[in-house]
Amino acid sequence: MDPQQWLTEHGDILYRFAMQRAQNEELAADLVQETLLAAWKSKDSFSGNSTIRTWLIGILKHKWIDYLRKEIRQRDHATLAEGDPTAWFDPNNGSWLKKPQQWHDDPASLCQDTQFFQVLQTCVQHLPEKQRLVFDMRELQGLDSDEICKACDVSATNVHVLLHRARLALQQCLEIHWFGGKKPW
Amino acid sequence: MKHACEEISRLASEKLERPLSFVERVRLRLHLLMCSACRHYDAHITKLHRILKTRQKNTWSDVRLPSDKREKIKASLNDSGDE
C-alpha cells in the first residue's frame, strides 16, 4: 500500500475520469488529490475483492457526487420554472404538435462534426436549468440514473421525467437549427 | 389510444434509462410500427445518446495528468504521510 505508487500507476486514469465529469483541469486535479488522500486514510477498508484501480475510481465517483451535491444545494434552483411537457403534444389527443421529421445525417459522421456539437451545446444551454443539469450529468458526463439521484436528492422517476423533457426539447432544437438547415443562431 | 404519442415518447426516453417491462416494450413496438413521427423521435434520441457516448470516450482518451499537477499531488501525499 503506497499512495505514491497509486498516483504513478492510476493517476492518468483517475484524472481522465475526473476531467470527463468536471471538464476543468484544476477541479479534476483536486478531485484526484482528494481521492488519493481519502483512499490513504481509509486504506484498511480496501477489501482486496476488487483491484486497486476499481477501488480508487469508486472513491473518486463518491467525491464527484459529493461535489455536485454541494454545488446544487448552493444554487438552490428548486423553485426554477421547468418547461411544460404538454407543450410538445396536443392536449386533446396527445399527438405531436410538430411531428419529428427524419434526420438524414449519418451518426458516424456526426460524431466527427465539431459544428454539430456546437449547435448541440447551444441547444443544451437553452434548456431549463434542472433539465440542463440532469442531461449534462447523464449524457455529457456519463453518470447513470442512480448517481444522478444521489447528487440531486431526487427520485429516479424525477430524473427520468427531466431527461424525457430535455430530450423532447433537444430533438426539436436540433431539428430546427441543424437538420432543418437553419443557421445556428 | 388516447395520448399515445406523448406516452410513447416517454417510453422511448425511459428505454435509455431502465429496462422496460414486457408490456411497455410491446406497446412501444406496436406504436412505432404505425407512427412515423414517433419512429423518428425514437431513432433521434437513441442516436443522440450513442453519439454522445462515443464522443465522451474519444474526447478524453488522450488526456494525461499534467506533470505540474502530478508534482503537487505527490507533495500533498508526502505531507499527509508525515503526519
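User: Which residues does A:Ala166 touch, leaving aside those up to four places away in sequence?

Analyst: The model is predicted. Contact here requires C-beta atoms within 7 Å. Not counting residues up to four places away in sequence, the partners are A:Leu127, A:Gln131, A:Val134 and A:Phe135.

User: Which residues of helix H6 of chain A are buried?

Analyst: H6 of chain A covers residues 129–140. The cut-off for a buried residue is 20 or more other C-beta atoms within 10 Å. The residues listed as buried are A:Lys130, A:Gln131, A:Leu133, A:Val134, A:Phe135, A:Met137, A:Arg138 and A:Glu139.

User: Against which helices do the buried residues of H6(A) pack?

Analyst: Both chains take part. Chain B supplies helix H3 (36–60). Chain A supplies helix H5 (114–125), helix H7 (145–152) and helix H8 (156–179).

User: Which helix gives the most to the side of chain B that touches chain A, and with how many residues?

Analyst: In total, 36 residues of chain B are in contact with 39 residues of chain A. Helix H1 (4–14), H3 and helix H4 (67–82) of chain B each supply at least two residues of that side of chain B. By class, the side divides into 13 nonpolar, 10 polar and 13 charged residues. The most comes from H3(B), with 15 residues.

User: Is A:Gln23 buried, exposed or partly exposed?

Analyst: A:Gln23 sits in the loop between helix H1 (3–22) and helix H2 (25–41) of chain A. Its phi is positive, about 50°, although it is not a glycine. The residue has 14 other C-beta atoms within 10 Å, so A:Gln23 is partly exposed.

User: Is A:Asp153 buried or exposed?

Analyst: A:Asp153 lies in the loop between H7 and H8 of chain A. Its phi is also positive, near 55°, in a residue other than glycine. There are 11 C-beta neighbours inside 10 Å, so A:Asp153 counts as exposed.

Conventions: Residues numbered from 1 in each chain as written. Chains lettered and ligands numbered in written order. Predicted model: local features only at pLDDT ≥ 70, side-chain atom pairs only at ≥ 80, totals over all residues. Buried ≥ 20, exposed ≤ 12 C-beta atoms within 10 Å, placed from the backbone. Helix = DSSP H or I, 4+ residues; strand = E, 2+ residues; numbered from the N terminus. Contact = placed C-beta atoms within 7 Å. Nonpolar A, V, L, I, M, F, W, Y, C, P; charged D, E, K, R; others polar.
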